[in-house]
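Biologist: Please pick one part of this model and take me through it closely. Then carry on to what surrounds it, with the cut-offs spelled out along the way.

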Amino acid sequence: IHWADMGIQNPTATSEHVQTSVATDVQQANYTLIINAGDTSYADDYNRQASHLANAWVLDKYWQEVQSSAAFAPMALAPGNHEDQYDFAAHLNRTRMPAPIGSSGPLSRFYHSFDYGCVHFLSFSTEHNSSKGSEQWLFVQQDLERANHNRDLVPWIVVYTHHPFYCSGVIEPARCESEMDTFLLAYEDMFQQYGVDVFTSGHNHCYERTYPVYKRQPIKTFHQPNATVYVVNGAAGDIEGVQSVFKPNIAWRAYHNKELYTGYSKMDATKTNLTWTYYDAKHSQVVDVWSLTK
């Protein structure tokens, strides 16, 4: 299961639909791992006018609301920009991800990786320095090199962060222009070199995904494409609402959800097939499905 930008239940975008549907998926043992790509509770959007910013109750409420799924499946997560309040104190004190192999730098609590079945997952923080040559960039390079050498046992590589690397939304245009350019300059060649299969994120409150793509050139096959599929999956229902306005005529974009409803993604993987499904939680229906094959 994958989501981002959920927050607590609210009257704006109704994260309740996603929480209820995910709980059913997990409790029925259909899915056994949850990936949360950041902006977890949106605590910093509450009590903005209070001088003491008394909003710790928001994260408490979030964990209570997702208990119906998180009590039945482990959750891995990346920090988002809404976690940066008090220098990421809530993230650092309320969650702990696997310790990164071979790294104990000052940012090591913000990046990690692990194998789960036939998938290698890797995550790092787009809220901290991740530029070429940085502590995080070096971790990603070294981890991907190890993972690529382990393909016989763990054939798929999935990277998740909060900020998208490929996107076409227009609500905050810098995200899909200058920010996108910066991230791709630092990581796209590396992802290509080590064969990252899927990159998934949130930040933009919508769902869209690319064809397998490299240097903005789509590869319109999903069988051994030798390129990465980039997914934006940030419509889980936070208090700021869902976005559905996109640039037209994007050659590398394979699908974008133009409806204002909440949803989340499901991933199923075997050693030769990785299938991704985007699910409309409000109307209980599948709206996008694609598969990579080896």
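Modeller: Happy to: I will start with the open sheet and go on to the helices, cores, cysteines and charged pairs.

This is a predicted model, in which residues are numbered from 1 along each chain as its sequence is written, and local features need pLDDT of at least 70. Side-chain atom pairs count only at pLDDT 80 or more, while totals for chains, interfaces and linings use all residues, and side-chain values rest on heavy atoms, with hydrogens and water left out.

The open sheet has seven strands, in the order β4-β5-β6-β7-β11-β8-β12, with mixed pairing. Strands here are DSSP runs of E with at least two residues, helices are runs of H or I with at least four, and both are numbered from the N terminus. Two strands count as paired if DSSP finds at least two bridges between them. At the edges lie β4 (112-116) and β12 (253-256), each of which pairs on one side only. From one strand to the next, the twist averages 15°.

Let's zoom in on one pair. Strands β5 (residues 119-123) and β6 (residues 156-160) run in the parallel sense and share five bridges. In this pair, serine 123 of the chain stands opposite tyrosine 160 in β6. Helix α5 (residues 135-149) packs on the sheet and touches β4, β5 and β6, where contact means heavy atoms within 4.5 Å. The direction of α5 makes about 175° with that of β5; axes are lines fitted to C-alpha atoms, for helices over the stretch in contact, and angles run from 0 to 180 degrees between N-to-C directions. Helix α6 (residues 178-194) also packs on the sheet, touching β6, β7 (198-201) and β11 (229-233), and its direction makes about 125° with that of β11.

Now for the cores. In soluble globular proteins, nonpolar side chains tend to be buried together. By the rule used here, a nonpolar core is a set of buried Ala, Val, Leu, Ile, Met, Phe, Trp, Tyr and Cys residues joined through side-chain atoms within 4.5 Å. Buried means under 20% relative accessible area, exposed means over 50%, and partly exposed is in between (1.4 Å probe, protein chains only). The largest nonpolar core has 49 residues, and those with the most contacts inside it include Phe121, Val198 and Trp290. Strand β14 (residues 273-280) gives the most to this core, with four residues. Leaving aside residues up to four places away in sequence, tryptophan 290 touches a set that includes Val198, Phe222, Val229, Val231 and Leu274. A second, separate core has 29 residues, Leu144, Leu184, Tyr230 and Ile250 among them.

The cysteines come next. A disulfide is counted when two cysteine sulfur atoms lie within 2.5 Å, and a search of the whole structure finds one. Cysteine 167 and cysteine 176 form this disulfide, with their sulfur atoms 2.2 Å apart. The torsion about the S-S bond is about -120°, so the disulfide is left-handed. Cysteine 167 is buried at 1% relative accessible area, and cysteine 176 is buried at 5%. Cysteine 206 is in no disulfide, its nearest cysteine sulfur being that of cysteine 176, 7.4 Å away. Cysteine 206 counts as buried too, because its relative accessibility is 3%.

Finally, the charged pairs. A salt bridge needs a side-chain nitrogen of Lys or Arg within 4 Å of a carboxyl oxygen of Asp or Glu, and the whole structure holds eleven. One of them joins lysine 266 and aspartate 25, whose closest N and O atoms are 3.1 Å apart. Lysine 266 counts as buried at 11% relative accessibility, and aspartate 25 counts as buried at 8%.

Helix α6 brings us back to the sheet. Arginine 216 forms a salt bridge with aspartate 181, their closest N and O atoms being 2.4 Å apart. Arginine 216 lies in the loop between β9 (213-214) and β10 (217-218) and aspartate 181 in helix α6, so the pair ties together parts 35 residues apart in sequence. Arginine 216 is partly exposed at 34% relative accessible area, and aspartate 181 is partly exposed at 41%. Elsewhere, Arg151, Asp197 and Lys294 are linked in a network of salt bridges.
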